[in-house]
Amino acid sequence: MDMNERAARNKKISHAVMIIILLLAFVCFIFPFVLVVINVFKVKADITADPLALIGSRGFTIENFPEAMEKMNFLLSFGNSLIITILSTVITISLASMAAFVIVRNNWKACGLLFGLMVASMVIPFQVLMVPLVSLYGGLLDILNHRATLIFMHVGFSLSMATFMFHGAINTNVPVSLEEAATIDGCTRWQTYWKVVFPLLKPTIATVAIIDAMAFWNDYLLPSLVLAKKELYTIPIATQVFYGTYSTDIGLIMAALLLAMLPILILYVFLQRYIVEGVTSGAVK
Amino acid sequence: MNTNTMSYKTKQFLMFAGLTTAAFFAVVILPFIYGLYLTFTSWDGVSKNKPFVGLANYMSAFADTDYWQALGRTFIYAVIAVILVNVVAFLLAFLVTSGVKGQNFFRAGFFVPNLIGGIVLGYIWKFVFNRALVALGTSLSIGALSTSWLATTNGAMLCMIIVSVWQYAGYMMLIYVAGFMSVSADVLEAAMIDGCTGIQTIVHISVPLMVSSFVQCLFLTITRCFMVYDVNLSLTKGEPFGSSVMAAMHVYNQAFTYKNYGTGQAEALILFIVCAVVGVLQVYIGKKAEVSA
């Protein structure tokens, strides 16, 4: 056997080993999800008897779903989560990109000050702000328990990061000459921004939308402090409250957990490439 | 039109950045300053007046042994979790960039835990630890698995670490993948020609060129692990006997359960400072180690 053949064979073996390791890791990663899926179709007694069995001895059932959906008010909290996520994301993107535009294009003191404060504030964790937030907005202004208040806070918290990302994008991807041409053609700054600059920011808009929408959808701590009324619960709060009430009814719990994951998993199937790219490019900045 | 007047500048700034400035100040800057003020009062969360108490809250924060225990616990948890997350993530990144079949499928799969909120993840794993592993242990008669790990002090910490590794490894893997891709093929080829083996190429070529990826991943994992709350709440709820209460959960309880808002806020600030110091120090050391090809 000559050198080349041996090298080729070694390469094949190392490939096989790598695939086996990857498959093992993959099994570890999806094992918890698989467990939820196999147990969601069992009755409570079967889950307690053997959570590892593929099919329960009392057969296949889907009755956990309607009951869990009703008891955790799934459709209502899904609607709340959806409207809060969409509005917060849209507002964040519009406001942050406009602010980034005025900051990049003018070296006024106010711009520098605002941007400096924003960058510095990105290190402040939510835990430092939660007590004063509750004190100000609950005690002083008494405007907790409104979806609009939560949206306002979501936007306020995500503006720094979003402005920072749009700042980079406008700096590198939007040629000033294009704006000058628009001005000569009679556009005001406002028109120039929306007709020329904003459309050029599409890749960054997608990145910010994905990062922020996922953070808003999954956030628990802030919504749990702002929304204390049952009819305002988002999915994470509804799941937490439901678990507290029905923790022994494990079949219902399984259904509730699956329902809580399903919307974002379905979205992932279709937008997988964009989500992975968005999260990576967002983190690298 | 004269674009150099104060009124033009003010108008432009307010038109584009007015709402952003207002929302940012209302939600971040004002609460931050107000929070500093709160640490000098003994507000109970209800009454209108907030009596000024000087440094009393910081004194009680320093005297709060539960808090320092929680902080120490968080530190141990964070060190182990951060190391393991990054080791696993780096290995996975190496494997999914080595040209094996279906590497995009694997990348997408490993990322899935990051799509789902900590609350739901914690409950799923609670089921795994309390029911599935116990069932497995009983049927195969493996002693270590036959009782739930969540029921013991060290076990609960171990569970927190396992879930964190599982949760963040896929995300950090993506950043390391970007790092591996940024190492140019020419340099790698040159190393091979000079007689480097695969492992040597990684250790001596790829890793030094990927320092910025390490800095980034370490920063993200350190800050997330220090501030862990959602998974802590749903997976262990601080049990058994308060032995898995992490710093963020202690702060939450201090403020919102025991209504010691001033002390809670002071403890939150200390936690933030500890976390920021560790994070910045790490970035500073990392930046020094950076090289370019």
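Chain A has a radius of gyration of 25 Å, whereas a compact globule of 285 residues would have one near 19 Å. The radius of gyration is taken over C-alpha atoms, and the globule rule is 2.2 Å times the number of residues to the power 0.38. Along the principal axes, the C-alpha atoms of chain A fill a box of roughly 75 × 75 × 35 Å.

This is a predicted model, in which local features need pLDDT of at least 70, side-chain atom pairs count only at pLDDT 80 or more, and totals for chains, interfaces and linings use all residues. Residues are numbered from 1 along each chain as its sequence is written, and chains are lettered from A, with ligands numbered from 1, in the order in which they are written.

Chain A has 13 helices and 0 strands. Helices (H or I, at least four residues) and strands (E, at least two) are DSSP runs, numbered from the N terminus. Chain A is divided into domain 1, residues 3–49, and domain 2, residues 72–246; such bounds come from an automatic or database domain assignment. The C-alpha centres of these two domains of chain A lie 39 Å apart.

Of the 285 residues of chain A, 41% are buried. A residue is buried if 20 or more other C-beta atoms lie within 10 Å of its own, exposed if 12 or fewer, and partly exposed in between, with C-beta atoms placed from the backbone.

Chain B has 12 helices and 0 strands. Its radius of gyration is 24 Å, well over the 19 Å that the globule rule gives for 293 residues, so chain B is more spread out than a compact globule. Buried residues make up 41% of the 293 residues in chain B.

Helix H4 of chain B, residues 103–111, has Phe106(B), Arg107(B), Phe110(B) and Phe111(B) buried. These four lie on the same side of H4(B), because they cover an arc of only 130° around the axis. The arc is that of the directions from the helix axis to the C-beta atoms. An α-helix has 3.6 residues a turn, so residues three or four places apart point the same way.

Finally, the two chains touch. The contact takes 69 residues from chain A and 71 residues from chain B, where two residues are in contact if their C-beta atoms, placed from the backbone, lie within 7 Å. The side of chain A that touches chain B has 55 nonpolar, 12 polar and 2 charged residues. Ala, Val, Leu, Ile, Met, Phe, Trp, Tyr, Cys and Pro count as nonpolar, Asp, Glu, Lys and Arg as charged, and the others, Gly among them, as polar.
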